[in-house]
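Please look over the fold shown below before reading on. The notes after it are grouped by topic.

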Amino acid sequence: MSDDLGIEPRTGLAGLPLGDGVPAGALQRDAALLGRLLADAGQGGGAGERGVSDEDVAAALALFEDMRTALDRLEAQVVIEARRRGMEWRQIASHQGMKSSQAASQRYQRLVTRLEEIRQGIR
(Lines give C-alpha, C1' and ligand atoms only; values in the text may rest on other atoms or scores of the structure.)
Protein backbone atom coordinates (compact mmCIF):
# COMPACT_ATOMS: atom_id res chain seq x y z
CA MET A 1 0.00 0.00 0.00
CA SER A 2 1.47 3.42 -0.96
CA ASP A 3 0.88 6.88 0.50
CA ASP A 4 -0.23 10.07 -1.29
CA LEU A 5 3.21 10.41 -2.92
CA GLY A 6 3.18 6.85 -4.23
CA ILE A 7 5.87 5.94 -1.70
CA GLU A 8 5.72 2.41 -0.37
CA PRO A 9 5.75 2.23 3.43
CA ARG A 10 9.19 1.62 4.90
CA THR A 11 10.28 0.62 8.33
CA GLY A 12 10.56 3.68 10.51
CA LEU A 13 11.40 4.51 14.05
CA ALA A 14 11.77 1.46 16.26
CA GLY A 15 11.15 -0.78 13.25
CA LEU A 16 7.54 0.31 12.80
CA PRO A 17 5.95 1.52 9.54
CA LEU A 18 6.34 5.21 8.79
CA GLY A 19 3.22 7.31 8.55
CA ASP A 20 0.07 7.66 10.57
CA GLY A 21 0.55 4.35 12.37
CA VAL A 22 3.73 5.18 14.31
CA PRO A 23 2.73 4.86 17.95
CA ALA A 24 3.69 7.59 20.38
CA GLY A 25 5.38 4.96 22.55
CA ALA A 26 7.89 4.14 19.82
CA LEU A 27 8.67 7.82 19.33
CA GLN A 28 9.08 8.28 23.06
CA ARG A 29 11.42 5.28 23.27
CA ASP A 30 13.55 6.56 20.39
CA ALA A 31 13.61 10.09 21.83
CA ALA A 32 14.57 8.71 25.26
CA LEU A 33 17.46 6.79 23.71
CA LEU A 34 18.74 9.89 21.94
CA GLY A 35 18.29 11.90 25.14
CA ARG A 36 20.38 9.41 27.12
CA LEU A 37 23.11 9.56 24.49
CA LEU A 38 23.14 13.36 24.53
CA ALA A 39 23.19 13.43 28.33
CA ASP A 40 26.05 10.92 28.36
CA ALA A 41 28.00 12.98 25.82
CA GLY A 42 27.31 16.18 27.77
CA GLN A 43 28.74 14.61 30.92
CA GLY A 44 31.85 13.49 29.08
CA GLY A 45 30.99 9.95 30.08
CA GLY A 46 32.76 6.94 28.71
CA ALA A 47 31.18 3.79 27.41
CA GLY A 48 28.28 2.70 29.54
CA GLU A 49 28.76 5.20 32.36
CA ARG A 50 25.13 6.34 32.22
CA GLY A 51 23.58 3.10 31.09
CA VAL A 52 24.31 3.68 27.39
CA SER A 53 25.61 0.54 25.74
CA ASP A 54 27.36 0.09 22.40
CA GLU A 55 24.09 -1.44 21.17
CA ASP A 56 22.27 1.76 22.20
CA VAL A 57 24.73 3.84 20.18
CA ALA A 58 24.30 1.55 17.16
CA ALA A 59 20.50 1.71 17.48
CA ALA A 60 20.61 5.51 17.65
CA LEU A 61 22.78 5.71 14.54
CA ALA A 62 20.29 3.55 12.68
CA LEU A 63 17.43 5.94 13.49
CA PHE A 64 18.62 8.96 11.52
CA GLU A 65 18.09 7.85 7.94
CA ASP A 66 14.54 6.71 8.67
CA MET A 67 13.90 9.96 10.56
CA ARG A 68 15.14 11.97 7.55
CA THR A 69 12.91 9.99 5.22
CA ALA A 70 9.91 10.44 7.50
CA LEU A 71 10.52 14.21 7.73
CA ASP A 72 11.02 14.50 3.96
CA ARG A 73 7.76 12.65 3.35
CA LEU A 74 5.92 14.83 5.87
CA GLU A 75 7.36 18.05 4.41
CA ALA A 76 6.38 17.02 0.88
CA GLN A 77 2.86 16.17 2.04
CA VAL A 78 2.50 19.53 3.79
CA VAL A 79 3.69 21.36 0.66
CA ILE A 80 1.16 19.39 -1.41
CA GLU A 81 -1.56 20.39 1.05
CA ALA A 82 -0.46 24.04 0.99
CA ARG A 83 -0.60 24.07 -2.81
CA ARG A 84 -3.96 22.26 -2.79
CA ARG A 85 -5.30 25.04 -0.58
CA GLY A 86 -4.07 27.68 -3.03
CA MET A 87 -0.92 28.83 -1.25
CA GLU A 88 1.57 30.43 -3.63
CA TRP A 89 5.18 29.24 -3.82
CA ARG A 90 6.36 32.61 -2.47
CA GLN A 91 4.23 32.09 0.64
CA ILE A 92 5.55 28.56 1.09
CA ALA A 93 9.09 29.89 0.67
CA SER A 94 8.50 32.53 3.32
CA HIS A 95 7.19 29.99 5.83
CA GLN A 96 10.15 27.71 5.15
CA GLY A 97 12.64 30.53 5.68
CA MET A 98 13.60 30.73 2.01
CA LYS A 99 14.01 33.89 0.00
CA SER A 100 12.37 32.88 -3.26
CA SER A 101 9.49 30.89 -4.64
CA GLN A 102 11.99 29.17 -6.94
CA ALA A 103 13.98 27.91 -3.93
CA ALA A 104 10.85 26.42 -2.33
CA SER A 105 9.75 24.79 -5.57
CA GLN A 106 13.20 23.33 -6.17
CA ARG A 107 13.37 22.01 -2.59
CA TYR A 108 10.01 20.30 -3.08
CA GLN A 109 11.23 18.74 -6.33
CA ARG A 110 14.37 17.45 -4.60
CA LEU A 111 12.26 15.93 -1.81
CA VAL A 112 9.96 14.18 -4.28
CA THR A 113 12.93 12.90 -6.29
CA ARG A 114 14.66 11.56 -3.16
CA LEU A 115 11.48 9.84 -1.96
CA GLU A 116 10.91 8.30 -5.38
CA GLU A 117 14.50 7.02 -5.47
CA ILE A 118 13.98 5.45 -2.04
CA ARG A 119 10.73 3.86 -3.23
CA GLN A 120 12.51 2.40 -6.25
CA GLY A 121 15.43 1.16 -4.16
CA ILE A 122 17.93 3.44 -5.87
CA ARG A 123 18.94 5.00 -2.53
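Glycine 86 comes after helix H2 and has a positive phi, near 95 degrees. Helices are DSSP runs (H or I, at least four residues) and strands are runs of E of at least two, both numbered from the N terminus. This is a predicted model, in which local features need pLDDT of at least 70, side-chain atom pairs count only at pLDDT 80 or more, and totals for chains, interfaces and linings use all residues. Residues are numbered from 1 along each chain as its sequence is written, and side-chain values use heavy atoms, with hydrogens and water left out.

**Helix H2**
- H2 has 31 residues and spans 46 Å from its first C-alpha to its last, close to the 45 Å expected at 1.5 Å a residue; the expected span is 1.5 Å times one less than the number of residues.
- A kink of about 25 degrees in H2 is centred on phenylalanine 64, the bend being the angle between axes fitted to the seven residues ending at a residue and the seven starting there.
- The buried residues of H2 include Asp56, Leu63, Asp72, Arg73 and Ala76; buried means under 20% relative accessible area, exposed over 50%, and partly exposed in between (1.4 Å probe, protein chains only).
- These buried residues pack against helix H1 (24-42), H3 and H4.

**Nonpolar cores**
- A nonpolar core is a set of buried Ala, Val, Leu, Ile, Met, Phe, Trp, Tyr and Cys residues joined through side-chain atoms within 4.5 Å.
- The largest has 9 residues: Ala76, Val79, Ala82, Trp89, Ile92, Ala93, Ala104, Tyr108 and Leu115.
- Helices H2 (54-84), H3 (89-95) and H4 (101-120) each supply at least two residues of this core.
- Another core, of 6 residues, lies apart from it, and includes Leu33, Leu34, Leu37 and Val52.

**Aromatic pair**
- The count of aromatic pairs comes to 1; rings of Phe, Tyr and Trp (its six-membered ring) pair if their centres lie within 6.5 Å, with planes under 30 degrees apart counted as stacked, over 60 as edge-to-face and the rest as tilted.
- Tryptophan 89 and tyrosine 108 form this tilted pair, at 5.9 Å centre to centre and 45 degrees between the planes.
- The pair links distant parts of the chain, with tryptophan 89 in helix H3 and tyrosine 108 in helix H4, 19 residues apart.
- Tryptophan 89 and tyrosine 108 are both buried.

**Whole chain**
- The protein chain has 4 helices and 0 strands, in the order α-α-α-α along the sequence.
- Of its 123 residues, 27% count as buried.

Definitions and conventions. Contact means heavy atoms within 4.5 Å.
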